[in-house]
Amino acid sequence: MTAKPPHLLVDVPPSGHDGGGGGRQRREWRNQPACRKACAVSVLVLLGAALITGLTYLFIFLNRQFPEKDPVFTVAITGVTGLDPAVDLPPSLPAADDDDDGYSSISSPTPTPALSPVFNLTFRIDNTRNAYHEACVPGLSRAEVSYGDAFLAGGSVPPFCAGEKRASDQAARAWGENVAVPRFLREQLAAELAAGDASVDVKVTMPSYCWNVWCGGAVLTCKPKIGGGPSPACRLDRIS
């Protein structure tokens, strides 16, 4: 009978697939300083991104709930008299003179009559984009209406204000009496009125305008269309 070989005992170290040994290695790696530093950096990056996102949304929310924008001034001409193209702005015709020989000759045009227009104005302050300060047209403010640098009418504007996140309207009247307007401007204005496309310049001088922490003189410059609703936003120029 053949003898059996003796049993050999081989000491094999634990492999990476061994559940117990692999777990111990992973735990040992996590406890290493490099692992802890990488994890801390990752957490800080995530927290920073979340903080920036939160602050961005908070800024947008506060900006919508508590805006701080400049007020918007507009003016509308709700009515006008004394500028009827057929009655007040008739075309100027040259006068005919008879010569001694019986023939008519053309002389200089007849003088143009003076104008006496009256404008009904409605001023508006839109302060809905500001949650911190009211906006006002102060007392002693005066409006002047002109066309092509020719003065047409003037009048005072009653003081009024629009509170925070509010709008306010105020009626005023500007008038002129026996106003001389050059002939070419009269004819141009008459043509624009007949076409429904006439605009005038409205300037409001405010001697004591205040906004935020600034106070001083200011001038509003607007260009409303006659019968065309509110004007585009007026330009505000501060006078130091």
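Begin by selecting Asp197, which in this predicted model is partly exposed, with a relative accessible area of 44%.

Next, select Lys223 and Asp201, another salt bridge, whose closest N and O atoms lie 2.9 Å apart. Lys223 sits in the loop between S11 and S12 while Asp201 belongs to strand S10, so the pair ties together parts that are 22 residues apart in sequence. Colouring by accessibility will show Lys223 as partly exposed, with a relative accessible area of 47%, and Asp201 as partly exposed too, at 26%.

From there, move to Arg235 and Asp237, whose side chains meet in a salt bridge with an N to O distance of 3.0 Å. Arg235 has a relative accessible area of 49% and is partly exposed, and Asp237, at 31%, is also partly exposed. The structure holds four salt bridges, including the pairs visited here.

Finally, leave the charged pairs and select Val43, Leu44 and Leu47, which make a nonpolar surface patch of about 310 Å². Within this group, Val43 lies in helix H2, which spans residues 33–65, and Val43 is partly exposed, with a relative accessible area of 45%.

Definitions and conventions. Residues numbered from 1 in each chain as written. Predicted model: local features only at pLDDT ≥ 70, side-chain atom pairs only at ≥ 80, totals over all residues. Heavy atoms only, no water. Patch = residues over 30% accessible without salt bridge, like charges linked within 9 Å, V, L, I, M, F, W, Y side chains within 5 Å. Areas by Shrake-Rupley, 256 points an atom, 1.4 Å probe, with all protein chains shown as cover. Helix = DSSP H or I, 4+ residues; strand = E, 2+ residues; numbered from the N terminus. Buried < 20%, exposed > 50% of the residue type's maximum accessible area, 1.4 Å probe, protein only.
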